[in-house]
Amino acid sequence: MYNFEFERPTSVADAVKALGQEEAQPLAGGQTLIPTLKQRLAMPSKLVSLSGISEMKGITQEGRTLVVGAATVHADVAADGTIAALSDLAGNIGDPAVRNRGTIGGSVANNDPSACYPAAALGLGATIVTDRREIAADDFFTGMFETALDEGEIVTAVKFPQPEAAAYAKFEQPASRFALVGVFVARTGEGVRVAVTGASEGGVFRWREAETALASDFSAGALDGMAPEADDMISDLHGSAAYRAHLVGVMARRAVAAAR
Amino acid sequence: MPQVSMTVNGKPASGEAEGRTLLSQFLRETLGLTGTHVGCDTSQCGACVVHVDGKAVKACTMFALEAEGADVATIEGQAAPDGTLNPIQQAFQDHHGLQCGFCTPGMVMSAAALLKENPKPSEAEIRDYLEGNLCRCTGYHNIVKAIMAASGQDVGALAAE
Ligand SMILES: Cc1cc2nc3c(=O)[nH]c(=O)nc-3n(C[C@H](O)[C@H](O)[C@H](O)COP(=O)(O)OP(=O)(O)OC[C@H]3O[C@@H](n4cnc5c(N)ncnc54)[C@H](O)[C@@H]3O)c2cc1C
Ligand code: FES
Ligand code: FES
């Protein structure tokens, strides 16, 4: 690992100021960033730790909206339970030690194509709050490892509207424990949303055909025989594009059946 | 070089650390606490699990400077000062929960974190909690048995696999 300066501010304002330096980068739980640094795939001049910023931690309820601070670790979201599907998802990320360090902000900012949280954010129609604006999940995830964040912009919280019913079904890649395919289904006052992770070359996406089918009949049977096109699916040693497309249909049906 | 101070196994500890110094490296090389093992250095194996402010974390995937002011517990602090093993360690010995012993410090620290959260875990809960702790020798069965025994549960019913 190349060396870097290390700073641990105690407020969002100070973190943003510290990130003004050329090649400075935020550090959250480090569960993705530290392995990346070890492989010398990143070379920041400075890491700005977000772990000392108490205003970015914790979970609060504002009416029917759950506000999760970006520096909240997966274990705390798992223990919360206000939105059962979200807590279940958090409780199945990696292993306990990963869940004690990894944060929701780090996960959405990283937008790994196989990560779980992007599916929850897109599936629930969440809003990503940053130090300077609010971005709808539909506009936030722009491609594999790509987001709408500007240079030096940090995610401070994620706001989730409470769904009527929701569930996440994950088919684990057994070695990494990431999602080979994961589908988050939510029925909300504004309709049904189906978000798919792990499958597409473009990262997390909404499966619109399934949303339409479920809008008139919210049952697993409504998706019988359906699967998205395999054209844009990831193909690697863990699974071919056709296999992933098939799994999307299977996991979507399981998620609908489990939704509560 | 920056200085970092923390409490390790109940005693104050401090030393120099670069930005990139990992907690595992600080514990082993600066403090000489080599019981925290580094098996993979890629957050897969769990041999390096320690507790930071009471929570199990992989010391190979946390920077030492992030532990400033924290309360750190390692395998060295598990036995009593006179060398008497704690109930988890004793159960590992009694139930043959280790062979080469490389994974054991991480297994014991993960087990301690589990039993604090869930004093009487089921076999399935133990296996689930140990998802991030790999063992190349035992086949896990005796580790699971040891943890059940350490939590005061009858292990006679656990099938010998
Ligand atoms: C063994 C293992 C298994 C895992 N399994 C899963 C899994 O099953 N599912 C899953 O979804 N994930 C999994 N992960 C990834 C884990 O969830 C990470 O914690 C997460 O992806 C990154 O969060 P972090 O807080 O560790 O971020 P970091 O690693 O600290 O940062 C990740 C990136 O985001 C940036 N960043 C961090 N916080 C912010 C912020 N607030 N604003 C802007 N940018 C920010 C950083 O600069 C960096 O580029 C696994 C990881 C490991 C090691
Ligand atoms: S050495 Fe830390 S997880 Fe393997
Ligand atoms: S006893 Fe050898 S690795 Fe577990």
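Modeller: A:Ala169 stands opposite A:Val183 in strand E12 of chain A. The model is predicted, so local features need pLDDT of at least 70 and side-chain atom pairs 80 or more, while totals for chains, interfaces and linings use all residues. Residues are numbered from 1 along each chain as its sequence is written, chains are lettered from A and ligands numbered from 1 in the order written, and side-chain values use heavy atoms, without hydrogens and water.

E12(A) covers residues 179-188 and runs antiparallel to E11(A), with eight bridges joining them (strands are DSSP runs of at least two residues, numbered from the N terminus; a pairing needs at least two DSSP bridges). The two form a hairpin with six residues between them, and A:Arg177 in the turn has a positive phi of about 70°. E11(A), residues 165-172, is largely enclosed by the rest of the structure, because six of its eight residues are buried (under 20% relative accessible area, 1.4 Å probe, protein chains only).

As for the chains, 22 residues of chain B and 28 of chain A are in contact (heavy atoms within 4.5 Å). The area buried between them is about 2,100 Å², 52% of it from carbon and sulfur atoms (accessible area lost on being put together, 1.4 Å probe, summed over both). In chain B, B:Arg20, B:Phe63 and B:Glu66 lose the most area to chain A, together 31% of what that side buries. Four salt bridges link chain B and chain A (Lys or Arg side-chain nitrogen within 4 Å of an Asp or Glu carboxyl oxygen). A:Lys38 forms a salt bridge with B:Asp41, their closest N and O atoms 2.9 Å apart. Strand E4 of chain B, residues 55-58, gives the largest share of the side of chain B that touches chain A, four residues.

Technical notes. Buried area is the accessible area (1.4 Å probe) that two parts lose on being put together, summed over both. Buried means under 20% relative accessible area, exposed over 50%, partly exposed in between (1.4 Å probe, protein chains only).
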